[in-house]
Structure formats: structure tokens, C-alpha cells
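Here is a short briefing to read alongside the model. Have the structure open and follow the topics in turn.

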Amino acid sequence: GNMFRVLGNGRMLERYGLVMSERTKLPLQVLSKPVLRLGEGEVLSPDMLSKGVRIMNPINFINWLFIYERKNYTSAEQLCVTMQKASGALGVVVKDPEWAELNYIDSYSVENAIMKHSADYQFILVLISDRHKQYKSVKKILDIQQGIVS
């Protein structure tokens, strides 16, 4: 009935070599709107999202350390600027970090940089240029030994 009229009595389908008779029945079901269930029994509908209701509480980056190798100064600076620009759309504030420029990144130099700066950072970002050589040692020193999110 209704679907047949919507398709213009089949004329639209005929353009593509399809034929639909009046007797063709399509099983249709109207689905309910999806609902997100948040913690503590809260419910969030698509209507609420379109009105700008936030589903997360962003954490602002106020006190953080950015460690990089001297040869990667430009990349580090560009990454920081990009983070600051992109974070605004997410409702996150990214303040300028404390910078630690190293000649080479390894577990020893990263640990020394952290001790030298000795602040209570929210997190530490380490820009590495050789994932295979540097990643494991940096993660070991920061996450396991220091308990710092990196």
C-alpha cells in the first residue's frame, strides 16, 4: 500500500529494471529511537545529544610535561599547537606544557628529565622517533617504575 505509492506505482523502480506488483508485501517495522544508558541510571537520547548535552567531562591539560629530542623540536612544537587548537572543539583546555628537550630519548634520559622537573604532572607526553628502540624503555620507566600516564 503505502510503500507502493511512495515508489510512484513502481515507475521509479522500472528505471532500474525492477518490477513491483501491488501484491508485493514488505515486512516493515518502525524502530524506537536508540538510547544510551549511562552510569547511575542516567539515560541519554539522540534528542539530548543534538541539543549539546555532554556525555563526558573533559579533563583540562593544565600541568603536563612534553619530552622530545632536540632534532624533533619543530615536530614537537607543531604537535602541541595542533593539540591546543583541536582540543577547543572537545571542550578541553590544553595549556602550554613544561618542555624537556633531550639529546636522545632513552629510559635514563627520560627518568632524569622527570626528576629535574619534579612537578606533579597530570601526564607526560614523550615524542619518540624510533618506536621499536624507544617505546618499551620509555613506557617501562614512566608507567611501571614511576606510575605516570604516558
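Let's begin with a pair in the sheet: Trp64 stands opposite Phe123 in strand 5. Strand 3 (64–69) and strand 5 (123–126) pair in the parallel sense over four bridges, where pairing means that DSSP finds at least two bridges between two strands. The chain crosses from strand 3 through helix 4 to strand 4, and this β-α-β crossover is right-handed; that is, with the strands pointing away from the viewer, the path from the first strand over the helix to the second runs clockwise.

**How to read the model**
- This is a predicted model, in which local features need pLDDT of at least 70 and side-chain atom pairs count only at pLDDT 80 or more, while totals for chains, interfaces and linings use all residues.
- Residues are numbered from 1 along each chain as its sequence is written, and side-chain values use heavy atoms, leaving out hydrogens and water.

**The chain as a whole**
- The protein chain has six helices and five strands; helices (H or I, at least four residues) and strands (E, at least two) are DSSP runs, numbered from the N terminus.
- Read from the N terminus, the order of elements is α-α-β-β-α-β-α-β-α-β-α.
- Of the 150 residues in the protein chain, 25% are buried, with buried meaning under 20% relative accessible area, exposed over 50%, and partly exposed in between (1.4 Å probe, protein chains only).
- Among contacts between residues at least 6 apart in sequence, 62% join residues at least 24 apart; a contact means heavy atoms within 4.5 Å.
- The protein chain exposes about 11300 Å², of which carbon and sulfur atoms supply 55%; accessible areas come from the Shrake-Rupley method with a 1.4 Å probe, and for residues only the protein chains shown count as cover.

- Three strands form an open, parallel sheet in the order 4-3-5.
- Strand 4 and strand 5 stand at the edges with a single partner strand each, so one side of each has no neighbour in the sheet.
- Neighbouring strands of this sheet are turned by 20 degrees against each other on average, direction ignored.
- Five bridges join strand 3 to strand 4; here Phe66 stands opposite Trp99, and Tyr68 has Glu101 as its bridge partner.
- Both faces of strand 3 are covered, with Trp64, Phe66 and Tyr68 buried on one side and Leu65, Ile67 and Glu69 buried on the other.
- Helix 4 lies across strand 3, strand 4 and strand 5, at about 150 degrees to strand 3; axes are lines fitted to C-alpha atoms, for helices over the stretch in contact, and angles run from 0 to 180 degrees between N-to-C directions.

**Helix 5 and Ser109**
- The buried residues of helix 5 are Ser109, Val110, Ala113, Ile114 and His117.
- They cover an arc of only 140 degrees around the axis, which puts them on the same side of helix 5; the arc is that of the directions from the helix axis to the C-beta atoms.
- On the other side of helix 5, Tyr108, Met115 and Lys116 are exposed.
- The cover over the buried residues of helix 5 includes strand 3, strand 4, strand 5 and helix 6.
- Ser109 counts as buried at 14% relative accessibility, and touches Leu102 and Tyr104, not counting residues up to four places away in sequence.

**A loop residue**
- Asn72 sits in the loop between strand 3 and helix 4 (73–87) and counts as buried, at 14% relative accessibility.
- Leaving aside neighbours within four places in sequence, Asn72 is in contact with Leu127 and Ser129.
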